[in-house]
Amino acid sequence: MPHAISPDPVAEDGILPDAPALGGSSNSSQDASQEDSPQSAPANAEKLNLENMFDDDDEDDTEFPSSSIAPPDSDQPTKSSRINDPEIMKAFYQRLFPFRHLFQWLNHSPSPTNDFANREFAFTLQNDAYLRYQSFPTADLLRKQCVSLNPSRFEIGPVYSTNPRDRKTLRKASAFRPLSKELVFDIDMTDYDEIRTCCSGANICNRCWTFITMAIKVVDEALKEDFGFKHVLWVYSGRRGAHAWVCDKRARDMDDAKRRAVAGYLELLKGGDKSGKKVNVRRPLHPHLERSLAILKEHFQDDILSSQDPWADSEASSNLLKLLPFPDLVSALRKKWDSAPGRSSESKWGDIDTIAKTGVGSSDTYFGKRLLEAKQDIVLEYTYPRLDAEVSKKLNHLLKSPFCVHPGTGRVCVPIDTRRVEEFDPLSVPTVTELLAEIDAWNGDEKREADEEAKKMQDWEKTRLKPYVDYFRGFVAALLKEEKNGKRDRDEEGDPMEF
Amino acid sequence: MIRQEALRGDPKRRLGLNHKKKQFEQPQFKQQDYTHRLNFYILPPTLDITLEEFEEWAISRLKVLAELEACAFRNRTPEETASYMQPILAKHLPLAQNSSRSSNLQDERKRDHYSHFILRLAFAATEDLRRRFSRLETQLFKLRFQSDDARERREFVDHLNFEWDKVGEEEKRGLAEELAAVTPFKSKNAGSEEEGWFKVDWEQVPELVEGRKVFLKRGKAYVPVREQTTLVVNEFQRRLDQGLVLTSRALPRLDEDDRLSPILAHLSKSFTAPDAAYSQDSSLSGNDISAANVDALSTHFPACMSHLHSTLRANSHLKHFGRLQYTLFLKGIGLSLPECIAFWRKSFRLITDEKFTKEYLYNIRHAYGDVGGDANRRGRGYTPYSCQKLLTEGMPGPGQTHGCPYRTFSPDNLVGLLQKMGVNDRDLLKTVREDVGRQRYHIACNRVFESAHKNELKKVKDEGTWNAADLDTILHPNTYFKRSFLLKNMGKVQSGDVGMEDPSQ
């Protein structure tokens with residue numbers, strides 16, 4: 001049984017000594033080609049600063065000073081050096097990335113299986129070359145490849161019927177086909193651009209992150225309650241969105257038609273910019289929508305009306321009026337709002353009911369009911385999750401791996417604990433440079449020097465990455481447990497193909 | 001009905017087959033007795049038939065399937081398809097109810113049974129053929145299932161003995177509210193109480209899940225009895241797909257038979273798809289189609305492409321599916337790959353060369369078949385999208401602009417778009433609104449075309465220079481463009497070029 005998959009926590013550390021050599025050997029070639037050289041001058045200046053800072057705690061005594069993994073005299077990871085600095089990424093793969101847990105997560109068993117070996121990985125290299133159809137028999141080899149290729153990020157694809165590396169040697173092209181992959185979802189803030197007022201483009205703040213929080217709550221609930229999935233992993237995408245990985249065996253084995261069905265079930269907003277009202281649902285509301293509406297209503301008041309203030313100016317409020325299918329009411333509202341510019345969205349939302357009560361449009365017997373429905377539709381249009389559904393519909397769609405570093409922000413794609421989804425703050429997610437500095441700070445602390453326990457610790461345990469890795473480890477353990485039971489059940493039942 | 005009893009349960013076990021002895025045994029089910037009009041085609045036929053019958057039966061079934069496929073291409077509604085298919089089915093593949101007391105019930109059913117299995121042999125060879133055959137056979141089954149007499153249908157479903165959980169009364173009461181919410185016609189207030197519900201794994205009814213037509217709880221879908229068609233049809237398709245894969249594995253053994261192989265090969269060849277999409281003809285060779293004059297040509301574009309073009313000009317950007325749809329259309333009108341790249345490069349004014357090369361170039365080249373897998377390159381990339389494709393695709397999401405505007409726009413916005421394109425005739429706009437309201441999108445589009453080319457159309461009709469096929473309903477954006485271009489440039493284009501064929505034929 002290979003070394004790396006043993007549950008012994010020291011195992012991963014045991015591999016470390018070979019890292020410097022690896023890093024060093026590939027460095028000579030890599031460095032030459034990277035645009036590293038113009039960087040080196042400012043980086044060196046920074047290094048001096050840092051060395052002053054850490055002057056009192058001598059790095060010679062520390063167990064794993066970060067300088068030991070980088071080639072001697074090269075730049076130490078520094079906070080202000082470029083995030084996608086190849087050396088920083090290399091140190092990240094060597095010291096922080098939880099390969100073993102990632103392996104167990106994809107392998108569904110402690111000993112290597114085809115679930116991992118035939119899984120496609122795709123690397124985006126530092127020069128933006130894209131390398132598809134990589135595969136690895138063990139976690140250790142994946143780690144080695146990451147350290148030597150030093151990708152800026154990598155993506156995870158499906159498990160194939162044969163090893164992806166052998167795909168060209170097959171006699172029949174049809175023998176190479178995707179078999180299974182987690183059901184994935186991608187929520188991206190760009191889809192909210194037309195309704196968010198605080199930021200635009202790649203920027204986010206805590207106010208617009210609530211859109212993602214709402215989406216996570218609704219989708220997570222539906223996946224668990226309606227579809228009966230248990231193992232749903234939510235991951236921060238590193239900048240302005242979130243990914244979900246549904247890892248239940250039942251979800252992994254779904255074909256495209258079933259993936260499309262789940263995506264269609266969850267998708268509500270239909271129509272491009274010109275289609276007018278985007279929410280057109282039949283009444284009574286489907287139980288899933290009814291429940292989602294109950295979740296979203298709470299957010300609507302605070303996070304949309306007062307925080308986003310989406311209908312502040314008259315142009316924006318005409319968008320609101322377009323969604324109300326009552327001409328009399330609309331003209332009355334328009335008159336009122338035109339005479340009082342600067343009225344807040346909250347008041348405008350309240351005005352709808354106030355004016356409706358004065359008897360506008362009362363000729364319609366079902367007016368009250370229809371108004372309520374129109375208002376529900378508006379709530380849904382402004383809060384319901386906007387999924388990038390194409391990602392979910394295909395079995396062979398690749399998605400960025402958890403714990404990668406987002407090349408633009410340097411933030412690690414950490415898992416989001418759905419039990420505390422409200423507390424998740426994307427802006428406080430650690431960046432790779434911060435994490436490396438934390439290791440050094442930890443190692444520099446003299447009290448820990450003699451501590452035997454401390455020597456066995458892995459580097460990520462010394463940083464703010466620890467709670468995230470711990471959460472991921474718990475998630476994987478639960479999945480593995482279920483997988484083991486499932487396998488036994490299937491074996492006991494006899495031939496599962498017999499019906 | 002001993003035969004019926006035998007059909008229940010596991011197909012292997014119920015026959016009492018012993019695989020070791022099987023090859024020496026006499027077939028047990030030589031003469032099948034067809035109690036039901038419908039057939040799940042589980043057991044293959046074993047009776048001898050003549051070669052003439054073999055070929056004749058297969059051909060008549062093939063005719064039916066081809067017509068069924070044509071219905072899909074013409075965008076017929078299920079009702080239209082049913083009424084259109086009725087005489088065809090009666091002629092080529094009659095299948096009467098038990099109640100009809102017809103004397104050749106058994107003969108009809110035997111023909112149906114045998115022809116199905118002959119075509120299975122003919123269409124099991126490749127993945128493409130299998131998928132097409134399974135799709136059409138499933139359609140045929142669904143058509144028959146829906147037209148079946150209610151009582152006989154129930155008997156048929158009962159004999160299949162599906163293992164569907166009936167939802168108990170108590171559970172039904174507990175979930176009354178949720179179940180009522182997925183019952184569309186609430187006027188029959190008792191809906192959920194009277195109606196029966198099945199509880200199945202949701203994977204068995206993906207289309208119902210996709211449309212939120214069932215209630216889901218912890219992975220189980222609650223399917224009302226009236227939706228059982230979907231369940232039965234899905235089960236039919238699932239078994240057929242499995243059967244086809246098994247057949248394809250057994251095919252090599254048939255090679256030795258030199259009587260059947262030629263017939264089968266001939267059958268599968270005559271089933272090649274009438275490619276509804278596009279023929280090379282739709283491009284205008286000899287005319288100056290280049291990146292520089294796309295703006296000028298855009299006056300001949302149908303609404304879908306005109307909208308994409310103006311959005312592109314307004315935003316200097318289009319989202320992925322819009323880009324794809326437009327690129328393929330431009331390819332279809334004869335814009336070469338270098339010109340097309342030049343066109344996009346210029347149109348995406350706000351994007352740097354580096355970003356363009358990195359993120360957009362590959363997709364354009366892929367659409368032209370310049371890069372990508374072997375199949376893509378050999379097939380010269382993708383085919384330009386037909387109206388059928390645009391009308392059956394998913395609706396565009398926020399910020400997306402692809403699809404057919406007659407379908408995706410709200411009526412007011414559609415009228416706005418048409419007015420921008422220069423359609424101002426009030427009566428016409430009113431009829432377009434009506435057409436769109438009745439979901440007759442391509443009719444609305446053709447109406448706009450006819451109005452915009454009224455004079456020219458009259459001229460060619462009077463002069464008789466265009467034959468009827470040239471004036472057929474437009475079913476492809478590229479046909480729209482070509483016809484429009486030719487009509488508006490009648491003087492300049494040689495009449496020889498005009499004799500084009502409708503790509504949908």
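1. Helices (H or I, at least four residues) and strands (E, at least two) are taken as DSSP runs, numbered from the N terminus.

2. The model is predicted, so local features need pLDDT of at least 70 and side-chain atom pairs count only at pLDDT 80 or more, while totals for chains, interfaces and linings use all residues. Residues are numbered from 1 along each chain as its sequence is written, and side-chain values use heavy atoms, with hydrogens and water left out.

3. Helix 15 of chain A comprises 13 residues (345–357) and spans 19 Å from first to last C-alpha, close to the 18 Å expected; the expected span is 1.5 Å times one less than the number of residues. The helix bends by about 25° at A:Asp351, the bend being the angle between axes fitted to the seven residues ending there and the seven starting there.

4. Buried residues (under 20% relative accessible area, 1.4 Å probe, protein chains only) of helix 15 include A:Trp349, A:Asp351, A:Ile352 and A:Ile355. The buried residues of this helix pack against helices 12 (287–306), 13 (314–322), 14 (327–339) and 16 (367–383) of chain A, where contact means heavy atoms within 4.5 Å.

5. A:Arg411 occupies the loop between strand 8 (399–400) and strand 9 (415–416) of chain A, and is buried, with a relative accessible area of 17%. Its C-alpha is separated by 4.0 Å from that of A:Thr431, 20 residues apart along the chain.

6. The side chain of A:Arg411 reaches the backbone oxygen of A:Val429 at 2.8 Å. Beyond four places in sequence, the contacts of A:Arg411 also include A:Tyr236, A:Cys404 and A:His406.

Note on methods
Chains lettered and ligands numbered in written order. Buried < 20%, exposed > 50% of the residue type's maximum accessible area, 1.4 Å probe, protein only. Polar contact = N/O pair within 3.5 Å; in protein donor to acceptor, adjacent residues only side chain to side chain.
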